Amino acid sequence: MRRSILWRKSVNIAMIGATGLCATVTVAALVLILGYLAWKGAHYLTWTFLTQLPAPVGEPGGGMGNAIVGSGKMLLLAAVTGIPVGLMTGIYLAEFGGRTVSFTVRYAADLLNGVPSIVTGIFIYTVVVLTMGNFSALAGGLALGIMMIPIVVRSTEDIILAVPGNMLEGALALGVSKWRGVATVVLPAARRGIMTGILLSLARVAGETAPLLFTSFNNQYWSRGWDSPIASLPVVIYTYAVSPYKSWHDQAWAAGFVLLALVLLINIAARAVLSRGQPAQRG
Amino acid sequence: MKIQKSRMLVWALSIAIAGLILSASSSKSANLSSGESPAGQTLLLNAAGSTFAYPVYSKWFNSYHQEHPNVEFNYASIGSGGGIAQLRAGTVDLGASDMTMNDKLLATFKGKTLQFPIALGAAVPAYNIPGVNVALKFTPQALAGIYLGKITKWNDSELARANPGVKLPNQKIIVVHRSDGSGTTFIWCDYLSKISPEWKTKVGANTSVNWPVGLGGKGNEGVVGLVEQTPYSLGYAELTYCLQNNMLYGTVRNSSGNYIKATLASVTAAAADNASELQKDIRASITNAPGKDSYPISSFTYLLVPASIPNAFKLDAIKDFLSWMLSEGQTQLQSISFAPLPQAMVDIEKSMIPQIQ
Amino acid sequence: MGTVVTSSVRNARPEPSGRARAFLKRLQNGDAIAHHLTLLFALSILLITGLLVFELYVHSAASRQQFGWHFLVTSTWDPVSNQFGALPFIYGTVVTTAISLLMAIPLGVGGAIFLAEFAPPRISDYLTFVVELLAAVPSVIYGLLAIFTVVPLLREQVDPFLQNKLGFLPLFQGPIYGVGFLAAGVVLAIMIVPFILSVSRQILLAVPNEQREAALSLGATRWETTWKVVAPYARTGIFGSVFLAMARALGETMAVTMVIGNTPKINASLFAPGYSIAAVIANEFTEATGRVYLQALIELGLVLFVLTIILNALARVLILATTQRGTAHT
């Protein structure tokens, strides 16, 4: 039975509309959240706020300078540990994997993703903090790095597998060895998707509080080196948000805004550097 | 290969920022967290624990630092249990807890540990009844009955009797309690255990308990948020929180028969009237304290200090801080809505300081 | 640069004498290095996960000894008398995750389809950017916002409406507080949508254009092309993103604990307050001071691990049962 053209065209329009609605709802959610943060905390966003150390409650001035730097440092460490592991594993699963090993590793990565962040924090606490004898930025960065890995693995593997097989086959037919083929043909083709996965995982760990409570602790002052406690935006947000003082609540909202701005900056910078500068193309 | 200007710019910027961050992390440590401090360099001490007391420590450590620029006290609010655990593990120098440590817990520590009450807090009953804007009077039995699930309506006789002249609606009471472990829960349950034998056997007192009824809110802000949003609800929250946010809360009848509203003064009174008990054991509970002006649901928050501190610089800094805290520090509490220690307590604690060696 | 020699020709040379020589020869073949290098990293994940499970297992020993299997089927959680049972938390975790997936999958996949197939490329880029930022919002902020926006909305508009129209189902009966399973599910859905949308969109974009062109040239509408040709091709990748999302939902703590009501009770109604494993760990771990108490909490972490394994397995079975040929890698 042939469906009438009119019916098919109507379904077409309807579904385009429906999916558009889905996209709109999701985008609207973020815009609302950003708007709320801006509205609540905007008047705190001064240069002082971004560069000074925190002041005790009730006293004017004070800022989150140390928390911003702290978050930056730990995200750097997380990226350095999480990205290579995740990337390499994703490549392994997609290109080299044997059946059982692949299955087990994939499962393990999924499990790792499902661990509550506080449990990851406690794990790093027992393995790193207790061994070192003190809280540190190192421990915090490692905890965040571990949390990044599963997302990078999954998205890398999925994207590489989605690259058409004939691209690699063409390279192999020209006599290139497999690893060269993957490195010079497949990975560049998958570059945008891999970047998405990495940035997504970075965004996710940027906002995590629980794992940092037991690893990087907190610090009211500037911290030096990697082996002392360090402040971070999510921990400060959490501490201020659950306090009784309205001025601290406002600062928490402002800090949330700063955190999102930080992630946005990293996003923009990474894409600008690594993409070909063209909008997403199909196929 | 032609590289666009914008890409070069972003590369340069990223490298510059990374360089800045890395240089800020150079390991030429003024970080002496392991503690030696020759004169002139900064001494860093770490404290952790109670989220409730965080504003106090934040203010004190900052003020102390202004007067002693080469001493830095660092604080992280990871919860009283966390503070105790970190002190036991030796990863922090001082712990902060809203609860006292019983002998069993103390035995798990390597050396002797002293508990210094530093300030007072209280748990107050906050509620949201459309149409009622006055402070309701709560008898101990009313509170126990509500939290046991026995008193279910606002116009129950127990509440009506204590509040003649207030029109209480015929609505179910929606009970709210803390979901996270907290010292506030502990003193609330400690009080209920003292005035209600049924509560004592059925539920008991701890930072977390098996609540017979009610919704759990996370943190003071969770409980208050729920109460503010839910008509006909009742919850308990820290006095500090309620004062700072201008909340409506009720009065509670104390053991002398007076309905006392929790204020900084009535809370300090609860400690003052109990000084003799505290002299014997600093861990004595002051809920349902005798004294006609005492607020019955009050308690201390404690600073936990190891009795033996090997590092001489840290030892001096901590002892000096404790003396400072008992004199100058106490004057700073009222502005942030914490109740100061009564003079009797200050004296008791001053005599404890020499025990630290 | 060496001569261009295919690997088959290389292998056709006679075997060099000696084991060491053979090994070195293989090493020259960069593929082996690449294989082993990536394998090394992959195994490190096994190491980390294994170590984590080991730590959880070891630190929950006292609790496991005391309660045994009863832990999984008891409903009491009493820190004062040291009686602990995991059942209400398991229930809450499963229910909230299910609700969130039910909402997030259509939103995420639908949005991804729109942004990948129908939207103009530049707009698609910018909007996806915006959606990915959602993943960076700290869960504390999600929780706070939810208390002020989602909970009142549910309590005053949505829940009564649902109870009105669908009240014959036990899912929608009982008193309405605003907080509860439904509120937690909604907040979780918003939190996990970015993962589904972002990753699915990338996968869809990677589908070769020839597939689309072939369908369109046969007279299919844009939607039919997408639904019947492009999406099935990308199916595995889309499922992968759902796994990511599900794992995140299972382990989310802060936001959930602020809106779920934190009551360890099992209830058929979606309006009832409940509790989840991650939420109770986050709530009580920092204050718990008894040995059995702490270990019971860690045992809950172990239970969550096992739960994740089971749910993952179920999901895979579901996928296998519905996957046909014609995906990106069969």
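Eight residues of helix H3 in chain B are buried: B:Ser80, B:Gly81, B:Gly82, B:Gly83, B:Ile84, B:Ala85, B:Gln86 and B:Leu87. Here, buried takes 20 or more other C-beta atoms within 10 Å of a residue's own, with C-beta atoms placed from the backbone. This is a predicted model, where local features need pLDDT of at least 70, side-chain atom pairs count only at pLDDT 80 or more, and totals for chains, interfaces and linings use all residues. Residues are numbered from 1 along each chain as its sequence is written, and chains are lettered from A in the order in which they are written.

Helices (H or I, at least four residues) and strands (E, at least two) are DSSP runs, numbered from the N terminus. Just after H3(B), B:Gly90 has a positive phi of about 85°.

The buried residues of H3(B) pack against these elements, where contact puts C-beta atoms, placed from the backbone, within 7 Å:

| Element of chain B | Residues |
|---|---|
| Strand S1 | 43-49 |
| Strand S3 | 94-97 |
| Helix H7 | 183-195 |
| Strand S11 | 298-306 |

Now to the sheet. Chain B has an open sheet of 8 strands with mixed pairing, in the order S2-S1-S3-S11-S4-S8-S6-S7. Strands pair if DSSP finds at least two bridges between them. S2 (71-76) and S7 (215-217) of chain B stand at the edges with a single partner strand each, so one side of each lacks a neighbour in the sheet. S1(B) and S2(B) pair in the parallel sense over 6 bridges, and B:Ala47 has B:Tyr75 in S2(B) as its bridge partner.

Definitions and conventions
A residue is buried if 20 or more other C-beta atoms lie within 10 Å of its own, exposed if 12 or fewer, and partly exposed in between; C-beta atoms are placed from the backbone. Two residues are in contact if their C-beta atoms, placed from the backbone, lie within 7 Å.
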